[in-house]
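Me: Hi! I've got a model open and would like to go through it with you. Can I show it to you and start asking?

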Amino acid sequence: MQSSDLKNLKIAVVGAGYGGAAAAKAMSLLGADVNVYEQANQIREVGAGIGLRPATIDRFRQWGIFDAIAKVSSPSEYFEILTATGEPIMKEAWPAAGDQTHTHLIHRGDFIDALLGVLPEGMVHLGHKLQTVEDKGDSAVLTFAGGKTVEADLVVGADGIKSVVRHQLFSDKSPVFSGEHAYRAVISVDDAHGMVVDDNLRMYIGKGTKIYLLPLRHRGQVSFDITALCPDSIWTPQVTKDDLLTTVEGFDERLVSITRDLDMDTVNIRAVYDIDPVDTWHTDSVVLVGDAAHSMLHHQGQGANSAIEDAGALADALRGAGSLKEALALYQATRKPVTDKLQAISRQGWTEDEINDVFPGQKPAAAAAPKE
Ligand SMILES: Cc1cc2nc3c(=O)[nH]c(=O)nc-3n(C[C@H](O)[C@H](O)[C@H](O)COP(=O)(O)OP(=O)(O)OC[C@H]3O[C@@H](n4cnc5c(N)ncnc54)[C@H](O)[C@@H]3O)c2cc1C
């Protein structure tokens, strides 16, 4: 699109998570008139770490925000998979893209603060919970709780796994329970019983349980994450320290000790869901990005990274295509084949044996319907 057309383009982004913030940054760099509407009154992220992959880091360099991210993250060389008791299974360098581009490990809270911190003042409007989205062809109208309405040439639905935009315009299917729980906490390296020796991500695999240690050197901390098969599909289940200790039975004694020492008030506990692939991500004036479009399980560590790549691809398409309509089709054609595959691979996190142990005779997704 011509830069004069882009400058006249009024864009409303729903959701100020990684996808929404990144899309807002990328599209405002094109000169578009961007506003972001977020339901929360205050942005808060889960206490946990994630790895930002080279393609994500490349986008940050392109957008001129690499330094803001580098300040609050540590580069990492490789990840390692070990048995529950610490025997190495495999060790692999993170896929690289050129000399400069490493995977960076970051705290989720620092990541969203850094992304929102590079947006122009006044672009993000907190306390705006989207209730309805109406597609009028050449524009779309958002109505928020309280009755405020906003009309835009392009609405970007970046409102996460329970997306209202997706649900009202693209798919009425509910999220799918994966049959697993995630228990996540960030602790001091001093409390890690000597298990953090460098900047690399380690995953310990036991039967039906995985433990991730993701160092956050710049904070003197490590993200300690347990993922375990569990039939309880309540989104925020009640889980006790004893439950956690049962989950990590048989792991390296030091991992058990870390678990025993956890302050349960700081542990984020949730059942893990994804969505089935959505056939169409856009109309002529509304488009989905991030989890709203393709929420995936975390076994490949690609959900947030995909949201950033979506934002970059959407901006590329707006710049490269002849019209908004063409741009949205190009964006979907570029990204959907990639995320369809990631969604499918990410569902292969466990062996048949492990699944049969917890869900005898049935697949986890069929084992329980979503419950709030
Ligand atoms: C256990 C676990 C571990 C993970 N580990 C990794 C990892 O290692 N690497 C990785 O890349 N990804 C990981 N992910 C995935 C990652 O967290 C998500 O893919 C990512 O958060 C998606 O970003 P998003 O911006 O699309 O959605 P979200 O982060 O969910 O943001 C959506 C935003 O929209 C807002 N919103 C929702 N509804 C409305 C509404 N009606 N009106 C206005 N605003 C609204 C929300 O408040 C939120 O701020 C993990 C996920 C889980 C569950």
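Me: Which polar backbone atom is 2.8 Å from a nitrogen atom of the ligand?

Reply: That one belongs to Leu130. Polar contacts here are pairs of N or O atoms within 3.5 Å; within protein, one must be able to donate a hydrogen and the other to accept it, and residues adjacent in sequence count only if both atoms are side-chain atoms. Before we go on: this is a predicted model, so local features need pLDDT of at least 70 and side-chain atom pairs count only at pLDDT 80 or more, while totals for chains, interfaces and linings use all residues. Residues are numbered from 1 along each chain as its sequence is written, and side-chain values use heavy atoms, with hydrogens and water left out.

Me: Thanks! And what is 2.7 Å from an oxygen atom of the ligand?

Reply: An N or O atom in the side chain of Asp291. An oxygen atom of the ligand also has a polar backbone atom of Gly19 at 2.8 Å.

Me: How much of the ligand does the protein bury?

Reply: The protein buries 86% of the 1,000 Å² that the ligand exposes when taken alone. Those areas come from the Shrake-Rupley method with a 1.4 Å probe.

Me: Which element gives the most to the shell around the ligand?

Reply: H10, with 3 residues. Helix H10 spans 303-320, and helix H2 (18-29) and strand S13 (176-188) also give two or more residues. Helices (H or I, at least four residues) and strands (E, at least two) are DSSP runs, numbered from the N terminus.

Me: Switching topic: how many aromatic pairs does the structure hold?

Reply: There are 8, counting rings of Phe, Tyr and Trp (its six-membered ring) whose centres lie within 6.5 Å. One of them is Phe79 with Trp94, a tilted pair at 4.9 Å centre to centre and 50° between the planes. Planes under 30 degrees apart would be stacked, over 60 edge-to-face, and the rest are tilted.

Me: Why does that pair tie together parts 15 residues apart in sequence?

Reply: Because Phe79 lies in strand S5 (residues 78-83), while Trp94 is in the loop between strand S6 (88-93) and strand S7 (103-107).

Me: Is Trp94 buried or exposed?

Reply: Trp94 is buried, at 8% relative accessibility, whereas Phe79 is partly exposed at 21%. Buried means under 20% relative accessible area, exposed over 50%, and partly exposed in between (1.4 Å probe, protein chains only).

Me: Last one: which residues form one aromatic cluster?

Reply: Tyr18, Phe60, Trp63 and Phe111.
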